Amino acid sequence: MTPTTTAAIDSRGLTKHYGSTVALDRVEFEVPTGQVFGVIGPNGAGKTTMMRLMLDIIHPTAGEVSVLGQDPRHSGPKLRKRIGFLPGELHLGGRGSGRDLLRHYARISGGVPPVRIEQLADRLGVDLSRPVRKLSKGNKQKVGLIQAFMHEPELLVLDEPTSGLDPLVQQEFLTMVREAKAAGQTVFLSSHVLSEVQQAADQVAILREGRIATVATVKQLRESAVRHVRVVVADEDAGALAATLSASPGISAIGQSQLGPAEGESEFTATIDAHVDDFVKALAQHTIIDLAIEEPELEESVMRYYEASDAPAATTDEEDAR
Ligand SMILES: Nc1ncnc2c1ncn2[C@@H]1O[C@H](COP(=O)(O)OP(=O)(O)OP(=O)(O)O)[C@@H](O)[C@H]1O
């Protein structure tokens, strides 16, 4: 593979089979250096598999992925030190405290001032003096995040980083992601839902059944998103407006109620699945009493990509065939 200078991650035809299960199928994407790249997808879509391939925890069946210009299969601990990895399933145990564990990892990574561990712990609100095994799920997750961020790696690979975190801590985490980006670090993170990644991600890949359904910026997703609208007209205009709405492409789920906001008024609700400009121009020929266009339902748009195809992915419990 020819290393690129601009892409932090470059996936070409990346494929992973577990026995008869196709976890990833010829996945192609590129994450430019310094970007925050979110991967979302339902359970079993292949998000964790992608990350494990990047970290050389498993090997591809076919295709390749370049990470920081290196092939993970041949770059060993040297590449690993340049990456901060938060696995999806954290197994933190032992009798030691959070501080002991993080100092142990810090020695392996090298170049972590102890004060940085304490600062991150303060920000996330976790008591590092407690034995790790006694911490709650969310607090273990915080220790995992500190471990990933503390050596300020060039690349952060975070598998469902907000899992188990309360909303305030989630916001703090997003601030940490923005700071990492400002410092030139690249962030690759996964989630089940867009709302978690849309605040921080430059681009979002939607993964379904081992394939990339789309890669788009949040702005692009917003432009193509479903919007709910409400239009109020005088009763005598209702028939004409109903005809306009029915004839307009991209407008669906049209509902009408004569019990409008005031007597003599009719209220229409509808869903727009097209550019809002077309909708507004179609309305312009009518006398509109009131109009409300809701914020785009990005989550709803994404759910359309989630919808199962005709052939649901087979699931097996076969062991990891490395
Ligand atoms: N070790 C394994 N042995 C067999 N099948 C596996 C193994 N690991 C993953 N799979 C299968 O590969 C597919 C992708 O799994 P993966 O864990 O990558 O999905 P995911 O998107 O991370 O899911 P989740 O959101 O539930 O964490 C699933 O069908 C899963 O059952």
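In which sense do β6 and strand β7 (residues 186–191) pair, and over how many bridges? The two strands pair in the parallel sense, over 4 bridges, where pairing requires that DSSP find at least two bridges between two strands. Helices (H or I, at least four residues) and strands (E, at least two) are DSSP runs numbered from the N terminus. The model is predicted: local features need pLDDT of at least 70, side-chain atom pairs count only at pLDDT 80 or more, and totals for chains, interfaces and linings use all residues. Residues are numbered from 1 along each chain as its sequence is written.

The protein chain is divided into domain 1 (7–82 + 153–222) and domain 2 (227–295), with bounds taken from an automatic or database domain assignment. The centres of domain 1 and domain 2, taken over C-alpha atoms, are separated by 41 Å. An unreviewed UniProt entry carries the annotation "domain: ABC transporter" for residues 9–234; UniProt positions are given in the numbering used here, feature names are shortened, and annotations may be inferred rather than shown by experiment. Over residues 9–234, the chain is 35% helix and 30% strand, and 57 Å lie between the end C-alpha atoms.

An open sheet of 6 strands is arranged in the order β5-β6-β7-β3-β8-β9, and its pairing is mixed. Its edge strands, β5 (83–86) and β9 (211–217), each pair on one side only. From one strand to the next the twist averages 15 degrees; axes are lines fitted to C-alpha atoms, for helices over the stretch in contact, and angles run from 0 to 180 degrees between N-to-C directions. β5 and β6 run parallel and are joined by 4 bridges, with I83 opposite L155 in β6. On the side of β7, L156 stands opposite V187. Strand β3 (residues 36–40) and strand β8 (residues 203–208) are also paired in the parallel sense, over 4 bridges, and V39 stands opposite A205 in β8.

In a regular strand the side chains alternate between the two faces of the sheet. β6 is covered on both faces: L155 and V157 on one side, and L156 and L158 on the other, are all buried. A residue is buried if 20 or more other C-beta atoms lie within 10 Å of its own, exposed if 12 or fewer, and partly exposed in between, with C-beta atoms placed from the backbone.

Helix α5 (residues 137–149) lies across β5 and β6 (155–158), running at about 170 degrees to β5. The 13 residues of α5 should span 18 Å at 1.5 Å a residue, and the end C-alpha atoms are 18 Å apart, which agrees; the expected span of a helix is 1.5 Å times one less than its number of residues. α5 is mostly covered, with 11 of its 13 residues buried. Among the buried residues of α5 are V143, L145, I146 and F149. The cover over these buried residues includes β5, α3, α4 (114–124), β6 and α6 (167–182), contact being defined by C-beta atoms, placed from the backbone, that lie within 7 Å. Helix α3 (residues 98–109) has 12 residues and reaches 16 Å from its first C-alpha to its last, close to the 16 Å expected at 1.5 Å a residue. α3 is followed by G110, whose phi is positive, near 80 degrees.

A second open sheet is formed by 3 strands in the order β2-β1-β4, with antiparallel pairing. β2 (21–32) and β4 stand at the edges, each with a single partner strand, so one side of each is left without a neighbour in the sheet. The twist in this sheet averages 15 degrees from one strand to the next. Strand β1 (residues 7–18) pairs with β4 in the antiparallel sense over 5 bridges, and the bridge partner of I9 in β4 is V67.

D56 is in the loop between α1 (47–54) and β4 (62–67) and is partly exposed, with 18 other C-beta atoms within 10 Å. E160 is in the loop between β6 and α6; because E160 has 19 C-beta neighbours inside 10 Å, this residue counts as partly exposed.

L259 lies in the loop between β11 (251–257) and β12 (265–272) and counts as exposed, with 8 C-beta neighbours inside 10 Å. L259 and L145 are 114 residues apart in sequence and 53 Å apart in space, C-alpha to C-alpha.

Note on methods. Contact = placed C-beta atoms within 7 Å.
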